[in-house]
Amino acid sequence: MRSFNTDMTDSLLTKERIQPPDYWLKNDFIAEHDAHAFFTQLLTQLPWRQDKIKMFGKEVEIPRLQVFMGDSGVEYTYSNLTLNTHPWHPTVLEIRNRIQALTGSTFNAALLNYYRNGQDSMGWHQDNEPELGDAPIIASVSLGASRPFMLRHLTDKQRKEQLILNNGSLLWMGPKLQAQWQHSLPKRPTSQSARINLTFRQVLTQKT
Ligand SMILES: O=C(O)CCC(=O)C(=O)O
Ligand SMILES: [Fe+2]
């Protein structure tokens, strides 16, 4: 039988131990030839827009362009901004289908980000909007320029990890990642190259 003291120490340790972030990264998810073609199609064929959000009462342009797409009836609000839902572009559907076949998860929407160069970025955040439900799974595909992607633990902010998201890579983010960690895509001022990122999500609708 375990002593009271051992149990106490165990539970303290368990409480304090920070679990590793819940993700996996597959670098060769889309072959280079396809990734290049997909990048060009998305860059030239999507209705990219630079949205504005309110920060400290002032309207500011976000440092990237975006498009939101998904099944009809899907609505998504972030930073008080309700995004227009565009119908699926065939290339985005093709990428979604490949992810669904590999992971067994289903996704009814995608938020696409276009970073024109290293000045464009995304700040620290969690993707934990109520319409993503209690246990959001997000699948993130990167095309174009490689960029570092940062993870930071919510309570122990010294605890950080850096991943490099390459052309054609798939980053699978599990539910615990959004609950315990924030992520960001920092600026890389010296880079002139463009990158497109697609984050596939399952958004709850009135019907679900
Ligand atoms: O561009 C990236 O890799 C990150 C995108 C992201 O975090 C998001 O769309 O919520
Ligand atoms: Fe995110």
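## An exposed loop residue

Phe 56 is exposed, because its relative accessible area is 85%. Here buried means under 20% relative accessible area, exposed means over 50%, and partly exposed lies in between (1.4 Å probe, protein chains only). Phe 56 sits in the loop between strand E2 (52–55) and strand E3 (58–61). Its phi is near 50°, a positive value in a residue other than glycine. Most residues other than glycine have a negative phi.

## How to read the model

This is a predicted model, in which local features need pLDDT of at least 70 and side-chain atom pairs count only at pLDDT 80 or more, while totals for chains, interfaces and linings use all residues. Residues are numbered from 1 along each chain as its sequence is written, chains are lettered from A and ligands numbered from 1 in the order in which they are written, and side-chain values use heavy atoms, with hydrogens and water left out.

Helices (H or I, at least four residues) and strands (E, at least two) are DSSP runs, numbered from the N terminus.

## The iron site

Which residues are the protein donors of the iron ion (ligand 2)? They are His 125 (NE2), Asp 127 (OD) and His 183 (NE2), lying 2.1 Å from the ion. Donors are N, O and S atoms within 2.8 Å of the metal (3.2 Å for Na, K and Ca); water is not among the atoms, so sites may look incomplete. Along the chain, the donors follow the spacing H-x1-D-x55-H. Asp 127 and His 183 link distant parts of the chain, 56 residues apart. Asp 127 is in the loop between strand E9 (122–125) and strand E10 (138–144), and His 183 is in strand E14 (residues 181–185).

Are Asp 127 and His 183 buried or exposed? Asp 127 has 7% relative accessibility, so it counts as buried. His 183 is buried too, because its relative accessibility is 4%.

## The four-stranded sheet

An open sheet of 4 strands runs in the order E9-E14-E11-E12, with antiparallel pairing. Two strands pair if DSSP finds at least two bridges between them. The edge strands, E9 and strand E12 (160–165), each pair on one side only. From one strand to the next, the twist averages 15°. Axes are lines fitted to C-alpha atoms, for helices over the stretch in contact, and angles run from 0 to 180 degrees between N-to-C directions.

E9 and E14 are joined by 2 bridges in the antiparallel sense. Two of the iron donors meet here: His 125 stands opposite His 183 in E14.

## The seven-stranded sheet

Another open sheet has 7 strands, in the order E1-E13-E10-E15-E8-E4-E7. Its pairing is mixed. E1 and strand E7 (85–86) are the edge strands, each pairing on one side only. E4 and E8 run antiparallel and are joined by 6 bridges. The bridge partner of Leu 65 is Tyr 114 in E8.

Helix H3 (residues 90–103) has 14 residues. It reaches 20 Å from its first C-alpha to its last, close to the 20 Å expected at 1.5 Å a residue. That expected span is 1.5 Å times one less than the number of residues. Just after H3, Gly 104 takes a positive phi of about 80°.

H3 lies across E1, E4, E8, E10, E13 and E15, and runs at about 55° to E15. Its buried residues are Thr 91, Val 92, Ile 95, Arg 96, Ile 99 and Gln 100. They pack against helix H2 (32–45), strand E4 (65–70), strand E8 (109–115), E10, strand E13 (170–173) and strand E15 (195–201). Contact means heavy atoms within 4.5 Å.

## Aromatic pairs

How many aromatic pairs does the structure hold? It holds 4. Rings of Phe, Tyr and Trp (its six-membered ring) pair if their centres lie within 6.5 Å; planes under 30 degrees apart count as stacked, over 60 as edge-to-face and the rest as tilted. Trp 24 and Trp 172 are stacked, at 5.9 Å centre to centre with 5° between the planes. Trp 24 lies in strand E1 (residues 23–26) and Trp 172 in strand E13, so the pair ties together parts that are 148 residues apart in sequence. Trp 24 is partly exposed at 33% relative accessibility, whereas Trp 172 is buried at 15%.

Phe 68 and Tyr 76 also form a stacked pair, because their ring centres are 5.3 Å apart and their planes are at 10°. Both residues are buried.

## A buried loop residue

Ser 191 is in the loop between E14 and E15. It is buried, with a relative accessible area of 16%. Leaving aside neighbours within four places in sequence, Ser 191 is in contact with Asn 117 and Gly 118.
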